[in-house]
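Subject: Handing over a structure

Hello,

I am passing a structure on to you, with some notes on what turned up in it. Please have a look at the sequence and the fold, and then read on.

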Amino acid sequence: MAIGVMSLLGFQLVDSAFVARLGTVALAAQSFTFPITFLMIGVQVGLGIAIAALISRAIGAGEEQRARRLGSLVLFGGAAAIGVLAILLWLFHVPLFRQLGAEGEALELIGEYWPVQLLANWFAALLYFGYTLFRAHNNTRLPGLLMVVTSALNLVFDPLLIFGVGGWTGLGLPGAAWATTLAFTIGLMLVGWRLSQRNWLSLTGLPGEARRSTGAFAVIAGPAMLSQLMPALSAMTATALIASLGEQAVAAWGLASRLETVSLMLVLGLTMSLPPWLGHCYGAGNWPRIRALMSIAFQAVIVWQLLLGVVMALAAPWVAQALASDEAVRSGLTWLMRAMLPSYAFLGLCMLVVSASNALGWPLRAMMISFARLFVCYLPCIALGVLAGEMAWVGLGAALGNALAGTMAWLAFRRSMAGVPVRAVAR
């Protein structure tokens, strides 16, 4: 899953590098859409967390038929929910992006780019729900492989559709969204083909299962969705704050956001693959195994993120030069990388705790940790950096917020585990 996440987020970073060749305004326009895309991802991930938790628990308890019914519900219900959200985000996109600080030429470019990107986001959600079924059945290999395949396809389509080929001049910024849409369409066809070979779905008894599972689903999905939506709201607020420093600052922040997700590939891989495993252990009452899994995950994240963060911070000037052509954007990105990347060791701890808490039946706790991370630790520190008027201080503020959040989450998880059985309890 980490390899798949790396490829998926890597193509998004390269996608932004291609867009940067269209100019600072185009890169800023794309960067304004990132928080809204995170909003859609938050909804789909919240739904996926709930369904994955219910399916993995049903499998752990030996309820195979119920797991099949839940699998069908996530595909149909998730597709409808994200589709409605996409329509609403298109209808109200002008006032929404104006609130984020977009104006003039950037707003016009968003109007051309956003409808196609919404279609790509919907296809991405459908793919995610398909991946959720495989992960709930402890199959992470296929989702990881398909992430690599769709990423490779997108890298091939990106330059062709953005810049054109031969005598065709290309589509410009919308071409990036069309490339993603085409790649995800092929990915959906492959997922559908592989699902047709599995006995993981059932079309019988869905109304009854929906009534039976609504309460348990809401208990997990509600807080999980809020936990996932809070990063999107935080990203929107951060973008609005940084917009006061100019379009170059927004462009640099957008590239830093892409680098953040790429550098967190191991953490994101763990947050996708670990919860089903924890859910199986939870269903079987095997708390010692849960403790062992979380200990390994914490150690892996700290070591990996610190090493990667230091290396990337040292290489920041060269990475910024490769990603951006504007001098002000390169300078801002360099300072952000130096300050923020090593702090992702703390951010990774916090993300693991939130993911594990949802899988272990503590969704409200996960929601409160997410809220504290973003609105108590992260955003106030970024706001102080913006007040200082320099991207270097913005990066230092974000790093401080990550350190505070990671420490708080780790202490909260230790306190939660102190109240669970020390020995395995058979169920």
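Here is a question to start with: in which helix is leucine 54 found? The place of leucine 54 is helix 2. (Helices here are DSSP runs of H or I with at least four residues, strands are runs of E with at least two, and both are numbered from the N terminus.)

Before going further, two notes on the ground rules. This is a predicted model, where local features need pLDDT of at least 70 and side-chain atom pairs count only at pLDDT 80 or more, while totals for chains, interfaces and linings use all residues. Residues are numbered from 1 along each chain as its sequence is written, and side-chain values use heavy atoms, with hydrogens and water left out.

Leucine 54 counts as buried because its relative accessibility is 6%; buried means under 20% relative accessible area, exposed over 50%, and partly exposed in between, with a 1.4 Å probe and protein chains only.

Setting aside neighbours within four places in sequence, threonine 33 is in contact (heavy atoms within 4.5 Å) with Phe97, Ile110, Tyr113 and Trp114.

In helix 1 (residues 2-20) you will find leucine 13, which is buried at 12% relative accessibility. Leucine 13 and glycine 254 are 241 residues apart in sequence, yet 9.7 Å apart from C-alpha to C-alpha. Not counting residues up to four places away in sequence, leucine 13 touches Leu255, Arg258, Leu259, Val262 and Leu323.

Two helices with a bend

Helix 6 (residues 141-163) has 23 residues and should span 33 Å at 1.5 Å a residue; its end C-alpha atoms are 34 Å apart, so the two values agree. (The expected span is 1.5 Å times one less than the number of residues.) At phenylalanine 157 there is a kink of about 30°, shortly before proline 159; the bend at a residue is the angle between axes fitted to the seven residues ending there and the seven starting there. The buried residues of helix 6 include Leu142, Met147, Asn154, Phe157 and Ile162. After helix 6 comes glycine 164, with a positive phi near 90°.

Helix 15 (residues 363-388) has 26 residues and reaches 37 Å from its first C-alpha to its last, close to the expected 38 Å. A bend of about 35° sits at tyrosine 378, and proline 380 follows within four residues. Helix 15 is followed by glycine 389, whose phi is positive, near 85°.

Take alanine 313 in helix 11: its relative accessible area is 13%, so it is buried. Apart from residues up to four places away in sequence, alanine 313 touches Met337, Arg338, Leu341 and Pro342. From alanine 313 to leucine 118, the C-alpha distance is 33 Å.

On the surface

Leu119, Val156, Leu160, Val165, Trp168, Leu171 and Trp178 form a nonpolar surface patch with about 610 Å² of accessible area together. (Patches are made of residues with over 30% relative accessible area and no salt bridge; like charges are joined within 9 Å, and nonpolar side chains, namely Val, Leu, Ile, Met, Phe, Trp and Tyr, within 5 Å. Areas come from the Shrake-Rupley method with a 1.4 Å probe, and for residues only the protein chains shown count as cover.) Tryptophan 168 is in the loop between helix 6 and helix 7 (173-195), and at 40% relative accessibility tryptophan 168 is partly exposed.

How many salt bridges are there? The count comes to one, where a salt bridge is a side-chain nitrogen of Lys or Arg within 4 Å of a carboxyl oxygen of Asp or Glu. Arginine 330 and glutamate 327 form this pair, at 2.6 Å from N to O. They are three residues apart in helix 13 (residues 327-340), so about one helical turn separates them.

Best wishes
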